[in-house]
Amino acid sequence: MEKINYIELISNCLNGDKVSVETLIKSIQRNIYNLSVRYLWNPMDAEDATQEILLKILTNLSKFRGESSFTTWVYRVA
């Protein structure tokens, strides 16, 4: 499995690259859903929460400072 360069991917997302946005979402969506299911215990609620969290991540992507790994930041936002 290829390791994702999140810094480059985020930079491309912030510059409006739609393919990068899609790649970013696909790379974190499963982990966010799994986290949501653990907290909510309901798959339908977890799907809704996942969508809200992804939206929050995308709208706040410019606030990622790179002081931690991107996945750690994602979990903190979630």
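Good morning, colleagues. The structure is a predicted model, in which local features need pLDDT of at least 70 and side-chain atom pairs count only at pLDDT 80 or more, whereas totals for chains, interfaces and linings use all residues. Residues are numbered from 1 along each chain as its sequence is written, and side-chain values use heavy atoms, with hydrogens and water left out.

I begin with helix 3. Helices here are DSSP runs of H or I with at least four residues, numbered from the N terminus. Helix 3 covers residues 43-59, which makes 17 residues. From its first C-alpha to its last it reaches 24 Å, close to the 24 Å expected at 1.5 Å a residue; the expected span is 1.5 Å times one less than the number of residues. At the N-terminal end, Asn42 caps the helix, with a side-chain oxygen 2.9 Å from the backbone nitrogen of Met44.

Which residues of helix 3 are buried? They are Ala46, Ala49, Thr50, Ile53, Leu54 and Ile57. Buried means under 20% relative accessible area, exposed means over 50%, and partly exposed lies in between, with a 1.4 Å probe and protein chains only. Seen down the axis of helix 3, the buried residues fall within an arc of 140°, so they line one face of the helix. That arc is taken from the directions from the helix axis to the C-beta atoms. The cover over these buried residues includes helix 2 (18-40) and helix 4 (70-77), where contact means heavy atoms within 4.5 Å.

On the other side of helix 3, Met44, Glu52, Leu55 and Thr59 are exposed. For Leu55, the relative accessible area is 55%. The C-alpha atoms of Leu55 and Ile25 are separated by 9.6 Å, and these residues are 30 apart along the chain.

Helix 4 comes next. Its residues Phe70, Trp73 and Val74 are buried. Viewed down the axis of helix 4, the buried residues fall within an arc of 100°, so they too line one face of their helix. What covers them includes helix 1, helix 2 and helix 3.

Two of these residues return when we consider the rings. Tyr6, Phe64, Phe70 and Trp73 are linked into a cluster by ring pairs. Rings of Phe, Tyr and Trp (its six-membered ring) pair if their centres lie within 6.5 Å; planes under 30 degrees apart count as stacked, over 60 as edge-to-face and the rest as tilted. Across the whole structure, a search finds four aromatic pairs.

Helix 1 (residues 6-14) holds Ile7. Is Ile7 buried or exposed? Ile7 is exposed, at a relative accessible area of 56%.

Finally, I turn to charge. Side chains of opposite charge can pair when their charged atoms come close. How many salt bridges does a search of the whole structure find? The search finds two, a salt bridge being a side-chain nitrogen of Lys or Arg within 4 Å of a carboxyl oxygen of Asp or Glu.

One joins the side chains of Glu22 and Lys26, at 3.1 Å from N to O. Both residues lie in helix 2, four residues apart, about one turn of the helix. Glu22 counts as partly exposed at 44% relative accessibility, and Lys26 counts as exposed at 58%. In the other, the side chains of Arg65 and Glu67 meet at 3.1 Å, N to O; both residues are exposed.

Thank you for your attention.

How values were computed
Helix = DSSP H or I, 4+ residues; strand = E, 2+ residues; numbered from the N terminus. Polar contact = N/O pair within 3.5 Å; in protein donor to acceptor, adjacent residues only side chain to side chain.
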